[in-house]
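Have a look at the structure first, then read on.

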Amino acid sequence: MSGHSKWSSIKHKKGAADSKRGQLFSKLSRAIIVAAKEGGPDPAANLALQNAIEKARSYSMPKENIERAIAKSSGTDADAASFETVVYEGYGPEGVAVLVEAVTDNRNRTASEVRHAFTKHGGNLGTTGAVAWQFERRGVVVVPADGTDEDSLVLAAADAGAEDVERDGSSFVVTSTPDSLSAVRQALEGAGLTVESVELAMIPKATVVVSDESTARRIIGLVEGLEDTEDVQDVYANFDIPEAVLESVAS
């Protein structure tokens, strides 16, 4: 899990200050639109929508953008009506398993772009079911370790129903079941703790250790190439790269 959580934290820091915030907000909006369209516009009765909103908020997406995306799910917007979720599976360098979640209005276009990204960065697009079994969906809340009292964090997380708290380099990673994600985030903030990111993620059950920086760059190149694809929402991979190497690659 550590490789994934470290990269998620780095991605969040980059995304929060990224010049491509318009593209980021567009992707977050799509996720909200699809969730609201499939399960209804009330977050209290729609877990997928609740989690999509939690993620959008963690990237400081304005409230009016969130409300606008929910409104678009009503079906009166032609673009919203055509969006659907598609999942792609494949392998990266060193046999790293890669899971790609996309929201698209054109399956052929998205499949072509995802296949191109895999090929360009030394990976291979696989078939449905190739790697999905290696992941499980969990709520993930990242809290910076600096200035955080671990005992207070563990107590607040446990009281809210979290499954685990793990120290991962410069961060604490709190995992929960998907339906407990919002409660965990609220409990941590209520306890005065700083929440760095909140997301519903696919967590690898086992990881591939990658210590070589050259190989790490190839893997991160694939992940970022996929993330830069317009229709791609999230990319998950089961690598475990040391934090120092990740920071070097990210810079």
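A residue counts as buried when its relative accessible area is under 20%, and as exposed when that value is over 50%. Keep in mind that this is a predicted model.

With that cut-off, Leu153, Ala156 and Ala157 are buried in helix H7. Looking down the axis of H7, the buried residues fall within an arc of 100°, so they line one face of the helix. On the face turned away from that buried side you'll find the exposed residues Asp151, Leu155 and Asp159.

What do the buried residues of H7 pack against? Their partners are E4, E5, E6 and helix H8 (181-190). H7 itself, residues 150-159, lies across strands E4 (135-144), E5 and E6, and runs at about 10° to E6. Just after H7, glycine 161 takes a positive phi of about 95°.

Now for the sheet. Four strands make up an open sheet in the order E5-E6-E4-E7, with antiparallel pairing. E5 (164-168) and E7 (197-204) are the edge strands with a single partner each, so one side of each has no neighbour in the sheet. On average, neighbouring strands here are turned by 35° against each other, ignoring direction.

| Pair | Sense and bridges | Residues standing opposite |
|---|---|---|
| E2 (residues 97-104) and E9 | antiparallel, five bridges | valine 98 and alanine 237 |

Strand E9 (residues 232-237) is mostly covered, as six of its six residues are buried.

Notes. Residues numbered from 1 in each chain as written. Predicted model: local features only at pLDDT ≥ 70, side-chain atom pairs only at ≥ 80, totals over all residues. Heavy atoms only, no water. Pairing = 2+ DSSP bridges. Helix = DSSP H or I, 4+ residues; strand = E, 2+ residues; numbered from the N terminus. Axes fitted to C-alpha atoms, helices over the stretch in contact; angles between N-to-C directions. Contact = heavy atoms within 4.5 Å. Buried < 20%, exposed > 50% of the residue type's maximum accessible area, 1.4 Å probe, protein only. Arc of directions from axis to C-beta.
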